[in-house]
Amino acid sequence: MQQQDGDRLRWGVLRRLEFIDFRLFWDGRFNRIDLAETFGISAQQASADIGQYEKIAPSNLAYDRAEKAYKRTEQFAPAFIGKTIERYLLQIVAIENQWMRQEDTWFETIPPVEVITLGRRPTDPTVLLRVLDAVRNRLEIDVEYASLTGSTRQSRTIAPHSLAHSAGRWYLRSWSREHNDFRDYNLNRIGKVGDCRASAIDPALDFEWIHKINLVIVPNPALSVERQAAIAAEYAMDDDQLVRPCRLSLSFYLMSEYNLDVEPGALKPEKQQIVLQNREEVFQAKAAARQMSIEALARAQKVGLRA
């Protein structure tokens, strides 16, 4: 599909053409009734949409009179969903994890799939609502929090300014009243949100969050040349190198997930297939930004006390 064709199409028509593309891709077929019932349109409108699709991608489908259905051809190439195909794979994962109902997607049938996960408790919508309000309105909130630091105190006072996601977990990037610095709080460990009040903390002092650094990632040189080439292809590396911009505060999660924080050679190459070329630079930049935030917050606190 030419980009200008998509730009000229109305949103509703575009969605229906995407549906045709989707069903041809995943099920190999669709009929006019599928289109009409999914979108609540007339048979006449469905026929017009199919005709529109045929104009854009004439070699993608052929009508089978015996089955009274349009079927995917050998020449099929996605005209609408190619660039967003990962979205549909994620929908399969969401269905298997019961995060989403199949009827809320365009899948008629789900291919055989097994999703391996330990699972986590569902996010409490009341907690999320209060947290989003705090982020939006610059509020300080009291929360009940299950900490892993060994602290027996469950209550925390935090001022969240952003959400972050890594390896299936949601985090709140927040100022901590207890420590007077910026930290991450696992959203699913917040049991309850209590009182709230206006926050005087400036999120611009969270230098670990504001500043980014390029993680320079390469295949583990201890692997064979063939395996290094396979790793480079898997991660779509350019010249055997992947440069991933990352907020300093979030670099820990990415590095931990892929063992990038481990000293090269400490693990077998098969367990550490990629390594971080600028590992020390990242550690130093993160530590420096954290110290800058701590000092800036301490100065701001003194000014506030004097006032």
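Does Lys68 count as buried or exposed, and at what relative accessibility? In this predicted model, Lys68 counts as exposed because its relative accessibility is 60%; buried means under 20% relative accessible area, exposed over 50% and partly exposed in between, with a 1.4 Å probe and protein chains only. Residues are numbered from 1 along each chain as its sequence is written. Local features need pLDDT of at least 70, side-chain atom pairs count only at pLDDT 80 or more, and totals for chains, interfaces and linings use all residues, while side-chain values use heavy atoms, without hydrogens and water.

Lys68 lies in the loop between strand 2 and strand 3, where helices (H or I, at least four residues) and strands (E, at least two) are DSSP runs numbered from the N terminus. Although Lys68 is not a glycine, its phi is positive, at about 50°. Asn259, likewise a residue other than glycine, has a positive phi near 60°. Asn259 is found in the loop between helix 9 (248-257) and strand 11 (274-276), and with a relative accessible area of 25% Asn259 is partly exposed.

Strand 1 and strand 3 (residues 69-72) run antiparallel and are joined by 2 bridges, and Arg29 stands opposite Lys71 in strand 3.

Helix 5 shows how a helix can have two faces. The buried residues of helix 5 are Tyr88, Gln91, Ile92, Ala94 and Ile95. Seen down the helix axis, they fall within an arc of 165°, so they line one face of helix 5; the arc is that of the directions from the axis to the C-beta atoms. These buried residues pack against helix 2 (11-27), contact meaning heavy atoms within 4.5 Å. The face turned away from the buried side carries the exposed residues Glu86 and Leu90. Just after helix 5, Gln98 takes a positive phi of about 60°.

How values were computed:
Pairing = 2+ DSSP bridges.
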